[in-house]
Amino acid sequence: KIDPSNKLREVFLKGEGWFNIAKMPQTPFIVHTDKYSVKVHGTVFNIKAYTENENVVTTLQEGSIEILPEKGTEIKPVMLVPGQQFSYNKRSATTSLTNVNSSITSVWKESEIRFENKKFIDLLKILENKYNVEFKVSDTSLLNYHYDGSIRNENIIQVLNLIKETLPIKYQLLNNNVIQIDKQNEKINLKP
């Protein structure tokens, strides 16, 4: 949407979007979510703002963006630099700013994703972004396992079943797109 009176470019986002915005200081670009807005200064970034998710998350890949509060929130404005992720928790009304591998957050838009010696914790982050799910891992020792493989058009259940073939995991679907990951007891072959 472009406002002809002041040449303001605006997008209202529910869900997830990846943006590559050209720098045009005379026509600001603003992405509105229900909790905060992102003022763009020419950049590449990802916003995850699903209504059903507890967190609204913005990750900056290139350039700079500014987080601005929407009406009804008490978020303090903050500028992000590449590799930073801003998160707002709807339940606790708290914010966080962390350093992340920003390329992982936008991998969901790719048609094929390949993993080579990928740590399980990084794989789970990619799957969370691609399938709009959240993982709860009961045994943190699983996070250090490594995985090789690729994903094309598989759904999340098919992907988890593929991972189960090589990693000792079991999973359970919980409510609100949450998946519980537990360590599968490794089978021991005992000879009589």
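Reply: Gladly! The accessible surface of the protein chain comes to about 11,300 Å², with 48% of it belonging to carbon and sulfur atoms; such areas come from the Shrake-Rupley method with a 1.4 Å probe, and for residues only the protein chains shown count as cover. This is a predicted model, where local features need pLDDT of at least 70 and side-chain atom pairs count only at pLDDT 80 or more, while totals for chains, interfaces and linings use all residues. Residues are numbered from 1 along each chain as its sequence is written, and side-chain values use heavy atoms, leaving out hydrogens and water.

Me: What makes a residue count as buried, and what share of the protein chain is buried?

Reply: Buried means under 20% relative accessible area (1.4 Å probe, protein chains only). Of the 192 residues, 42% are buried.

Me: How do you know that strand 11 and strand 14 pair, and in which sense?

Reply: Two strands pair if DSSP finds at least two bridges between them. Strand 11 and strand 14 (residues 178-183) have 4 bridges, so they pair, in the parallel sense. Lys-136 stands opposite Gln-180 in strand 14.

Me: Why are strand 11 and strand 13 called edge strands?

Reply: The open sheet has 3 strands in the order 11-14-13, with mixed pairing. Strand 11 (134-137) and strand 13 (169-173) each pair on one side only.

Me: What makes you say that helix 2 packs on this sheet?

Reply: Helix 2 (residues 120-131) touches strand 11, strand 13 and strand 14, where contact means heavy atoms within 4.5 Å.

Conventions:
Buried means under 20% relative accessible area, exposed over 50%, partly exposed in between (1.4 Å probe, protein chains only). Helices (H or I, at least four residues) and strands (E, at least two) are DSSP runs, numbered from the N terminus. Axes are lines fitted to C-alpha atoms, for helices over the stretch in contact, and angles run from 0 to 180 degrees between N-to-C directions.
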